[in-house]
Amino acid sequence: MKSIILATLLMGCAFAAPLQSIAPRQSRQSEFQPTTEPIPILRQEQEVNFDGTYKWAYETGNGIKAEEQGFLKNAGVPDQEAQVAQGSYSYTAPDGQLISVTYIADENGFQPQGDHLPTPPPIPEAIRKALEYLATLPSTEDPYAAGTQQPGLRG
């Protein structure tokens, strides 16, 4: 009898726990409601051309600025066409730092630049010298690349 009462109490606690966790979520929803006035759009420009080039820009009342232009590189050249987009954006971070990014996105991927972005460490001197030396060597072709010879066979 005691085990039945204990099992009933445990099941009651197990069902009550999810119900208690729902109530705080509903009351917390008001935390995510905007508490300030809407931010005005100070400037907005858009241009889309028939040749596929485009340009857009905007600026908001809280200091956000963004602009981009795009075009098709090597238009009409099979296997060499690439859509290119280049632009910039800036805003003030919560800590007060001005974040400014310029970028290009093309066949080589998205390439951002900004003072706040991490950069790789410099190449060690020995490796830099080795790379420079290798660049001066004449190129050699792999005799097996063309498929005319195979290792161990003489033709």
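Trainee: What links Y89, Y103 and F110 into a cluster?

Mentor: Ring pairs do. This is a predicted model, so treat every value as computed.

Trainee: How many aromatic pairs does a search of the whole structure find?

Mentor: Three. Let's take two of them in turn.

Trainee: Why is the pair of Y89 and Y103 called tilted?

Mentor: Start with distance. The ring centres are 6.3 Å apart, and the cut-off for a pair is 6.5 Å. That makes them a pair. Now the planes. They meet at 45°. Stacked needs under 30 degrees and edge-to-face needs over 60.

Trainee: Which strands hold Y89 and Y103, and how many residues apart are they?

Mentor: Y89 sits in strand β4 and Y103 in strand β5, 14 residues apart. The pair therefore links distant parts of the chain.

Trainee: What makes Y89 count as buried, partly exposed or exposed?

Mentor: Its relative accessibility is 34%. Buried means under 20% and exposed means over 50%. Y89 falls in between, so it counts as partly exposed.

Trainee: And where does Y103 fall, buried or exposed?

Mentor: Y103 has 11% relative accessibility. The limit for buried is under 20%, so Y103 counts as buried.

Trainee: What kind of pair do Y103 and F110 make?

Mentor: Another tilted one, because the planes stand at 40° and the centres are 5.4 Å apart.

Trainee: How do you know that β4 and β5 pair?

Mentor: Count bridges. At least two are needed, and these strands have eight, in the antiparallel sense. One example: Q86 has I104 in β5 as its bridge partner.

Trainee: What is the order of the strands in the open sheet?

Mentor: Six strands run in the order β1-β2-β3-β4-β5-β6, with antiparallel pairing.

Trainee: Why do β1 and β6 stand at the edges?

Mentor: Each has a single partner strand, so one side of each lacks a neighbour in the sheet. Neighbouring strands are turned by 10° against each other on average, direction ignored.

Trainee: What makes β1 lie largely in the open?

Mentor: It has eight residues, and the number buried is zero. E47 belongs to β1. At 37% relative accessible area, E47 is partly exposed.

Trainee: What stands out about G52 in the hairpin of β1 and β2?

Mentor: G52 takes a positive phi near 95°, and the hairpin has five residues between its strands.

Trainee: Why does E68 have no salt bridge?

Mentor: E68 lies in strand β3 and is buried. The nearest side chain of opposite charge is K55, 13 Å away. A salt bridge needs a nitrogen and a carboxyl oxygen within 4 Å. The gap is 13 Å, so there is no salt bridge.

Trainee: What does the side chain of E68 do with the side chains of Y54 and Y103?

Mentor: E68 makes a polar contact of 2.5 Å with Y54. It makes another with Y103, also given as 2.5 Å. The cut-off is 3.5 Å, so both count as polar contacts.

Conventions: Residues are numbered from 1 along each chain as its sequence is written. This is a predicted model: local features need pLDDT of at least 70, side-chain atom pairs count only at pLDDT 80 or more; totals for chains, interfaces and linings use all residues. Side-chain values use heavy atoms; hydrogens and water are left out. Helices (H or I, at least four residues) and strands (E, at least two) are DSSP runs, numbered from the N terminus. Axes are lines fitted to C-alpha atoms, for helices over the stretch in contact, and angles run from 0 to 180 degrees between N-to-C directions. Rings of Phe, Tyr and Trp (its six-membered ring) pair if their centres lie within 6.5 Å; planes under 30 degrees apart count as stacked, over 60 as edge-to-face and the rest as tilted. Buried means under 20% relative accessible area, exposed over 50%, partly exposed in between (1.4 Å probe, protein chains only). Lys and Arg count as positive and Asp and Glu as negative; His and the chain ends are not counted. A polar contact is a pair of N or O atoms within 3.5 Å; within protein, one must be able to donate a hydrogen and the other to accept it, and residues adjacent in sequence count only if both atoms are side-chain atoms.
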